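This report covers the overall fold of a protein chain and then the surroundings of one of its residues.

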Amino acid sequence: GAPVWRAGADISTFLMSDVPLTIGGKTVPPGGHTLFIELQSEREWTFIVSDWQPQQRFNPGDRTKLWGAFGYTRDKDVLRAPMTVTRTPYVTEQLTWEFLDVTDAGGTIAFRWDNVLATVRFVVL
């Protein structure tokens, strides 16, 4: 029942790509997009790519951009894709976004924090 998570600190997490990507069978056009994670349960997470733009400084009066996930709505979602969530035998103390197994054809977007690794595959179009 929790709202979506910005999966970062303060400013909404932002992905910038010069090429279109496919994630979960849906296309993310080139440009900048905010990233969120919806936590349905301990093992069911949904990766969200959105067209909401981030506020660079907190402004509660600006309803056209987001600070973190405050004011988030699904109407600007580009895609939602299930993540693979696993427990690691080690702890990552600082929340970390990574790109793993990257080739010209695609790779994996990975999120690490505490003893959790959550991933979603992407394909370069």
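The protein chain has zero helices and nine strands, where helices (H or I, at least four residues) and strands (E, at least two) are DSSP runs numbered from the N terminus. From the N terminus on, the order of elements is β-β-β-β-β-β-β-β-β. The radius of gyration of the protein chain is close to the globule-rule value for 125 residues, so the chain is as compact as a globular protein of that length. This radius is taken over C-alpha atoms, and the rule is 2.2 Å times the number of residues to the power 0.38.

The model is predicted: local features need pLDDT of at least 70, side-chain atom pairs count only at pLDDT 80 or more, and totals for chains, interfaces and linings use all residues. Residues are numbered from 1 along each chain as its sequence is written, and side-chain values use heavy atoms, with hydrogens and water left out.

Of the 125 residues, 40% count as buried (under 20% relative accessible area, with a 1.4 Å probe and protein chains only; exposed is over 50%, partly exposed in between). Among contacts (heavy atoms within 4.5 Å) between residues at least 6 apart in sequence, 51% join residues at least 24 apart.

T108 lies in strand β9, residues 106–124. T108 is buried, at a relative accessible area of 6%. Beyond its neighbours within four places in sequence, T108 is in contact with residues including E98, F99, T119 and R121.
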